Amino acid sequence: MKVFICSPFAGDTVRNIIRAQGYCRKAVAEGHVPCAPHLYFPQFLDDGNSEEREMGMAMGLSWLSHCDEMWVFGEPSPGMQTEIAYAAEHQIPIRYFPAEQEDHFDD
């Protein structure tokens, strides 16, 4: 199954990247293919540039349209809320993970 990883990026980006990597490892450990555009697109797009951020968000939604499920971690940011709304609108199942589980994925 292709799983879209929906988690915070902005703010403490170093910590958020480490956490997102852990969420991806969890998906792989369960036999899934993780899709985490917020780990990929910032490698060559500037999240601080509004035009590049919008481009990254649009490409991320394109990836989401090919996923079987969305996994949500953390308090939804505005970008995450956009992704969650897209998943709901396109009837992509959404799975929420309780906050108390989050730190166990970034070991």
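Predicted model: local features only at pLDDT ≥ 70, side-chain atom pairs only at ≥ 80, totals over all residues.
What is the volume of the largest pocket? About 370 Å³.

**Stop 1: the pocket**

Select Phe9, His38, Asp47, Arg53 and Met57. Of the 24 residues that line the largest pocket, these lie nearest its centre. Now colour by element. β1, α2 (37-40), α3 and α4 each give two or more residues to the lining. Which element gives the most? α3 does, with 5 residues. Switch to colouring by residue class. The lining holds 13 nonpolar residues, 6 polar ones and 5 charged ones.

**Stop 2: a salt bridge by the pocket centre**

Stay with two of the residues just selected. Asp47 and Arg53 are among those nearest the pocket's centre. Their side chains form a salt bridge, at 2.8 Å from N to O. Are these two buried or partly exposed? Arg53 has 30% relative accessibility, so Arg53 counts as partly exposed. Asp47 also stands at 30%, and therefore counts as partly exposed.

**Stop 3: the salt-bridge network**

How many salt bridges does a search of the whole structure find? It finds 3. One of them is the Arg53 and Asp47 pair. For the next stop, select Lys26, Glu30 and Arg95, which are linked in a network of salt bridges.

Begin with Lys26 and Glu30. The closest N and O atoms of this pair are 2.4 Å apart. Then move to Glu30 and Arg95, whose side chains meet in a salt bridge at 4.0 Å, N to O. Zoom out to see what this second pair joins. Glu30 sits in the loop between α1 (13-29) and β2 (33-35), and Arg95 in strand β4 (residues 94-96). The two are 65 residues apart, so the pair links distant parts of the chain.

Now show the surface over the three residues. Lys26 counts as buried because its relative accessibility is 16%, under the 20% limit. Glu30, at 37%, counts as partly exposed. Arg95, at 34%, counts as partly exposed.

**Stop 4: the largest nonpolar core**

Hide the surface and select Phe4, Cys6, Leu64, Met70 and Val72. Of the 13 residues in the largest nonpolar core, these touch the most other members. Four elements each supply at least two residues of the core: β1 (2-6), α3 (50-64), β3 (69-72) and α4 (78-89). The largest share, 4 residues, comes from α4.

Centre the view on Met70. Which residues is Met70 in contact with, leaving aside its neighbours within four places in sequence? The list includes Phe4, Cys6 and Leu64. Glu83, Ile84 and Ala87 are on it too. Arg95 is a residue from the previous stop, where it belongs to the network with Lys26 and Glu30.

Next, select Cys24, Ala27, Trp71 and Phe73. They are among the 9 residues of another core, which lies apart from the largest one.

**Stop 5: His90**

Finish at His90, in the loop between α4 and β4. With a relative accessibility of 40%, His90 counts as partly exposed. His90 and Ser65 are 25 residues apart along the chain, and their C-alpha atoms are separated by 7.7 Å.

Notes. Residues numbered from 1 in each chain as written. Heavy atoms only, no water. Core = buried A, V, L, I, M, F, W, Y, C linked by side-chain atoms within 4.5 Å. Buried < 20%, exposed > 50% of the residue type's maximum accessible area, 1.4 Å probe, protein only. Contact = heavy atoms within 4.5 Å. 1 Å grid on protein atoms, 1.4 Å probe; cavity = no way out; pocket = protein on both sides within 12 Å on 5 of 7 lines; lining within 4 Å. Points joined across faces, edges and corners; volume = space filled by probe spheres on them. Nonpolar A, V, L, I, M, F, W, Y, C, P; charged D, E, K, R; others polar.
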